Amino acid sequence: MRKIEHIGIAVKDLDTSNLLFEKLFGAPAYKQEEVASEGVKTSFFMNGPNKIELLEATNPDSPIAKFIEKKGEGIHHIAFDVKDILSEMKRLQEEGFVLLNEIPKKGADNKLVAFLHPKTTNGVLIELCQEIE
């Protein structure tokens, strides 16, 4: 893992949260996108070198909807940038971590992504991200 790629925050209403974070950072989201396969709409903000992703559920069965129902709005995951997602997934499995998906999938912001089960990472959902070239 090379660096924190972004921090994901689950929100109930993306438009309302976009306004809040625009005021907080003094700049609008640089990108908004829907990932239909995950049932989510996202907005991305930059704050210096740091990226924040806001996530709103688009259907009641999505992982974000279930997270908010269980825990409320707040930090959902921490994403780490990796050079080779397949080799990193293999390495982490060999170290005893449980993957939530066996193969990388297309995520937001032009990334291939995979997730580690929070039960194996002290309750924190970890996302691995590799830029699609």
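Modeller: Quick rule to start: Ala, Val, Leu, Ile, Met, Phe, Trp, Tyr, Cys and Pro count as nonpolar, Asp, Glu, Lys and Arg as charged, and the others, Gly among them, as polar. By that rule, the lining of the largest pocket here divides into 15 nonpolar, seven polar and eight charged residues. This is a predicted model, where local features need pLDDT of at least 70, side-chain atom pairs count only at pLDDT 80 or more, and totals for chains, interfaces and linings use all residues. Residues are numbered from 1 along each chain as its sequence is written, and side-chain values use heavy atoms, with hydrogens and water left out.

Colleague: What makes β2 and β3 paired strands, and in which sense do they pair?

Modeller: Strands are DSSP runs of E, at least two residues, and helices are runs of H or I, at least four, numbered from the N terminus. Two strands pair if DSSP finds at least two bridges between them. Strand β2 (residues 31–35) and strand β3 (residues 40–47) have five bridges, so they pair, in the antiparallel sense. Val35 has Val40 in β3 as its bridge partner. The two strands form a hairpin with four residues between them, and Gly39 in the turn has a positive phi of about 65°.

Colleague: And what about β3 and β4: how many bridges do they have?

Modeller: Eight, again antiparallel, with β4 covering residues 50–57. Asn47 stands opposite Asn50 in β4. This hairpin has two residues between its strands, and Gly48 in the turn has a positive phi of about 60°.

Colleague: Why is the contact of Arg91 and Glu88 called a salt bridge?

Modeller: The rule asks for a side-chain nitrogen of Lys or Arg within 4 Å of a carboxyl oxygen of Asp or Glu. Here N to O is 2.7 Å, so the pair counts as a salt bridge. Both residues lie in helix α3 (residues 85–94), three residues apart, about one turn of the helix.
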